[in-house]
Every structure is written in structure tokens, then in C-alpha cells.
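Please work through the following exercises with the sequence and the model at hand.

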Amino acid sequence: MNDQTIAIIPARYASTRFPGKPLADMLGKPMIQRVYERVAGVVGRAVVATDDDRIRKAVEAFGGEVVMTSPLCSSGTERCREAFDKIGRGETIILNLQGDEPFIQAEQIGLLISAFDKPETDIATLAEVFAPDTDYQKLNNPNSPKIVTDHQGYALYFSRSVIPYFRGEEPDTWCRLHTYYKHIGIYAFRPSVLREITDLPQSAAERAESLEQLRWLEHGYRIRVLHTKQSTIGIDTPEDMDKAIAFLRSTRMA
């Protein structure tokens, strides 16, 4: 267990596509509990950061640690920063784990933390390869942001569009012809960097794509991308939840 790492799970009740998502039932447990349980045994401390009293009560009911944050936070990263400023105990790595990733694996969390074995790492995240048989409809899903990296493993760009565009080939063949990377919504930061990036103004690309990590790139920060072979099921819509529950049943993870 990494005692110098704190996992902060930002959770808000309001959601355009799936209101009340953190409290949605997953075979007898709210989703936020399943996320919390996935990470709590891997790092020294896990905390849910929320602005909603219903979520606070749910976390306290299953024995989790929770901190109330401002409803004015414009992103999960801002919520993480406020939470850490309130309840941090000198941890040297902060994980920002989205509250809609109930299938994150211990190995993935360990992989992300390992990025900080290199002292030059300030921000890290995970990516997964789209399978070669992935069709264009799935590849083009705007809820699955894509990443392009440089040869050193640092992010060049994130996009809800398919990047790169494979000119002159049928779209359904693109994943067989090129390695496309799907972003997995978990980050790790050094505390000083988390404070710096949350003080930055919004950038043009961030506003266009609604991806806050573009703000960091546009202001010159480097994001190290580590590759995982394990899949997760991020939950953005009620339909995603139906698939997640079916997966729970099939794998007996309930």
C-alpha cells in the first residue's frame, strides 16, 4: 500500500446525461461505493469530495471518508484541489479518480503511481489501446476521448474526435491500420502542480472539446501517459450502467 498517495474521488449529483449517477444502484451498492472500494485498499487513503449532502450521507453510510466542497467547482480537478487543501496530510501524490470508474483495477492504480518514480513526472494518466477489430462507430464515440502521444510517452493532444484521421482508408479498418489510444479518466499529480493547473485560465481547445487536460497542455505542462492492457467500463449514461451491471453479474464481482 502506498501511504504517500491519497485518492480523491470527485462526485457531483447533477449530470446532464445521468442525474444522480454516483448514487445509482449497482447490485445493492451505490456506484460511488464500488469506486471507493476499488481504490481504498491500494492507496494509503481514499476520500470522496462532493458538494451534495445526499452523496455525503451515502459515503458515511458505508464507512467511507468524505469532504464537502464548493458547488462552484467547475471541474473534478478543482474539486480535488479544494479537498486536498482541506484534508491533505502531506501526501506527495494525489490521484483524481472519477466517480464513474467502478472497474478500475489495483494494477492500473499501481501503474499510475509508478510514473512518479521519475522525478520529472508532474502529471500522469492512463490509456488503453482500441482493439484492432473496433469499428468506426465505437472509435468515434465522443464520450471516449482519444490520445496522441510523442515517442517519450507524453501526451500531444486529447480529443473527442478520432485522431489521427487515417486518410484514404475505410473508417472501419482504421484500428487495424493504426494504434488508437482511449483515455481512461484517472490522473495523478504532485500537489504543487495540482495547485498550479487549477489556477490557470480556461483555454480555447478546452472550451471547444470540454476536456480540461487541454488547458494544461496549452499552458506547457507535460502529461505522462502509461499504457494499460486492462479494460475499464466508464459510465456516462443509464445505458452504460445497464452494461456495467450485466458485466458485474457475468464476472461475479457483485
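The model is predicted: local features need pLDDT of at least 70, side-chain atom pairs count only at pLDDT 80 or more, and totals for chains, interfaces and linings use all residues. Residues are numbered from 1 along each chain as its sequence is written, and side-chain values use heavy atoms, with hydrogens and water left out.

**Exercise 1.** Describe the aromatic pair of phenylalanine 103 and phenylalanine 247.

Solution. Rings of Phe, Tyr and Trp (its six-membered ring) pair if their centres lie within 6.5 Å; planes under 30 degrees apart count as stacked, over 60 as edge-to-face and the rest as tilted. The whole structure holds seven aromatic pairs. In one of them, phenylalanine 103 and phenylalanine 247 lie 5.1 Å centre to centre with 85° between the planes, which is edge-to-face. The two residues are 144 residues apart, with phenylalanine 247 in helix H10 (residues 238–251); helices are DSSP runs of H or I, at least four residues, and strands are runs of E, at least two, numbered from the N terminus.

**Exercise 2.** Is threonine 134 buried or exposed?

Solution. Buried means under 20% relative accessible area, exposed over 50%, and partly exposed in between (1.4 Å probe, protein chains only). Threonine 134 counts as buried because its relative accessibility is 7%.

**Exercise 3.** Locate threonine 134 and list what it touches.

Solution. Threonine 134 sits in the loop between strand S7 (123–129) and helix H5 (136–139). Not counting residues up to four places away in sequence, threonine 134 touches Leu139, Asp172 and Cys175, where contact means heavy atoms within 4.5 Å.
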